[in-house]
Amino acid sequence: MNEHYPFVNPPLPYDFNSLEPYIDTKTMELHHDRHLQTYVDQLNATLAPYPQYHFLSLEQLLLYGSSLPTEIQTKVKNNGGGVFNHIFFFDSLTPTGQSIAAYPSIGSRINEYGGYRKFKDDLSAAALSVFGSGYAWLVLDAFSKFKIITTPNQDTPLSQNLYPLLNVDVWEHAYYLKHYNQRAAYLNDWFSVINWKTVADRISSMNNY
Ligand code: MN3
């Protein structure tokens, strides 16, 4: 995601229907083609009159948003965050069942955290605790240990000195068509389609910093 203005909506790395039965086709279509597309369009429209910022990457716009003109700070935060969070979320999913055991960098940290059961319970509880719209995240803290946090709306963990590894979108548009108001059922299904290889790759990228 090191691209700059004009930002584009990358195609999903899998088919809309490929996360069935855990996440339904229509939800994936609307979520990618309409929700994410709207954030991309609005971010570009916000930045269009400001060519002096067109060289900034998405991460830079989010990290240094407080240096932007005040009249676009909120729009960049909300729409840039919407672009970052959604691409990150879609990239974190896969139709191919995966075992954490294949990735020692994840397994060792989960053991350190207290085991998979505690990890899953805590991440679910965090995601359930989001009031209204937002995300739950697995991040690496400054000591390279797993930490679970939540963010409201389209806020990102980038400005908190935390390195994001995995997020789950708990805005109702992420699950309402299939799971109605049952966020817990959606979360349970979401655990079945997590792309642990992507998480392991993100840990490796962090270690290469
Ligand atoms: Mn969403």
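**Salt bridges.** I looked up the salt bridges of this predicted model and found that the structure holds 6 (a side-chain nitrogen of Lys or Arg within 4 Å of a carboxyl oxygen of Asp or Glu). I noted that local features need pLDDT of at least 70 and side-chain atom pairs pLDDT 80 or more, while totals for chains, interfaces and linings use all residues. Residues are numbered from 1 along each chain as its sequence is written, and side-chain values use heavy atoms, with hydrogens and water left out.

I recorded the pair Asp155 and Lys77, whose closest N and O atoms are 3.6 Å apart. This pair links distant parts of the chain, 78 residues apart: Asp155 is in the loop between β2 and β3, and Lys77 is in helix α3. Helices (H or I, at least four residues) and strands (E, at least two) are DSSP runs, numbered from the N terminus. I find Lys77 partly exposed at 44% relative accessible area; buried means under 20%, exposed over 50% and partly exposed in between (1.4 Å probe, protein chains only).

I then recorded Glu112 and Lys145, with closest N and O atoms 3.4 Å apart. Glu112 is exposed at 52%, and Lys145 is partly exposed at 38%.

Arg117 and Asp121 meet at 3.3 Å, N to O. Both lie in helix α5 (residues 116-129), 4 residues apart, about one turn of the helix.

**Metal site.** I listed the protein donors of the manganese ion as His31 (NE2), His86 (NE2), Asp169 (OD) and His173 (NE2), at 1.9 to 2.1 Å from the ion. Donors are N, O and S atoms within 2.8 Å of the metal (3.2 Å for Na, K and Ca); water is not among the atoms, so sites may look incomplete. The sequence spacing of the donor residues is H-x54-H-x82-D-x3-H. Asp169 is buried, with a relative accessible area of 0%.

**Backbone.** I checked peptide bonds and phi, given that most peptide bonds are trans and most residues other than glycine have a negative phi. A cis bond joins Tyr5 and Pro6, with omega about -5°. The bond from Glu20 to Pro21 is also cis, with omega near 0°. Ser144 has a positive phi near 65° and sits in the loop between β1 (134-140) and β2 (146-152). Asn161 has a positive phi of about 65°; this residue is exposed, at 71% relative accessible area.
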